Amino acid sequence: MKSVGMIEVSGVTGAIDCLDIMCKSADVEFVTWERKLGGRLVTVVVQGNVSAVTAAVENALANGIIKPVAHAVIASPHEETWRLLQLSAARIAKKGR
């Protein structure tokens, strides 16, 4: 069963730091990110099993260079939640081409 972990921080640097911590501390995969307010708020999303995602989010909360604005772990996301995340990831992939 896949779960989703999200951390929202101020700035791209803080978001990249959180993503790096999450990916190094547990078996999670990057899903997507969203930048709002011109990049002043950035949300990073990872996926994996519940225990890995929880550990990754908690580790990033404790060790990130910037205190997160918000965070969440969704143990079993609804299919519409997955659809929203896939739309975000597809938009980023399209911009990268």
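Guide: What follows concerns the nonpolar core and its surroundings.

This is a predicted model, in which local features need pLDDT of at least 70 and side-chain atom pairs count only at pLDDT 80 or more, while totals for chains, interfaces and linings use all residues. Residues are numbered from 1 along each chain as its sequence is written, and side-chain values use heavy atoms, with hydrogens and water left out.

In soluble globular proteins, nonpolar side chains tend to be buried together. A nonpolar core is here a set of buried Ala, Val, Leu, Ile, Met, Phe, Trp, Tyr and Cys residues joined through side-chain atoms within 4.5 Å. Buried means under 20% relative accessible area, exposed over 50%, and partly exposed in between, with a 1.4 Å probe and protein chains only. The largest such core has 16 residues, of which I7, M22, V28 and A60 touch the most other members. At least two residues of this core come from each of β1 (3-10), α1 (12-25), β3 (41-48) and α2 (50-63); helices (H or I, at least four residues) and strands (E, at least two) are DSSP runs, numbered from the N terminus. With five residues, α2 gives the most to this core.

Leaving aside residues up to four places away in sequence, M22 touches I7, V28, V44, V46, A56, V57 and A60, where contact means heavy atoms within 4.5 Å. Another core, of five residues, lies apart from the largest one and includes V4, V31, V45 and W82.

The sheet comes next. Four strands form an open sheet in the order β2-β3-β1-β4, with antiparallel pairing; two strands pair if DSSP finds at least two bridges between them. β2 (29-36) and β4 (70-74) stand at the edges with a single partner strand each, so one side of each has no neighbour in the sheet. From one strand to the next, the twist averages 15 degrees. Seven bridges join β2 and β3 in the antiparallel sense, and F30 stands opposite V46 in β3. V46 is also one of the residues that M22 touches.

α1 lies across β1, β2 and β3 and runs at about 15 degrees to β3; axes are lines fitted to C-alpha atoms, for helices over the stretch in contact, and angles run from 0 to 180 degrees between N-to-C directions. α2 also packs on the sheet, touching β1, β3 and β4, and its direction makes about 15 degrees with that of β1.

Two cysteines deserve mention. A search of the whole structure finds zero disulfides, a disulfide being a pair of cysteine sulfur atoms within 2.5 Å. The sulfur of C18 is 11 Å from the closest cysteine sulfur, that of C23, which is too far for a bond. C18 counts as buried, at 1% relative accessibility, whereas C23 counts as partly exposed, at 34%.

α1 also carries a charged pair. D20 and K24 meet through their side chains in a salt bridge (3.0 Å, N to O), a term for a side-chain nitrogen of Lys or Arg within 4 Å of a carboxyl oxygen of Asp or Glu. Because D20 and K24 are four residues apart in helix α1, about one helical turn separates them. D20 is partly exposed, at 36% relative accessibility, and K24 is exposed, at 66%.
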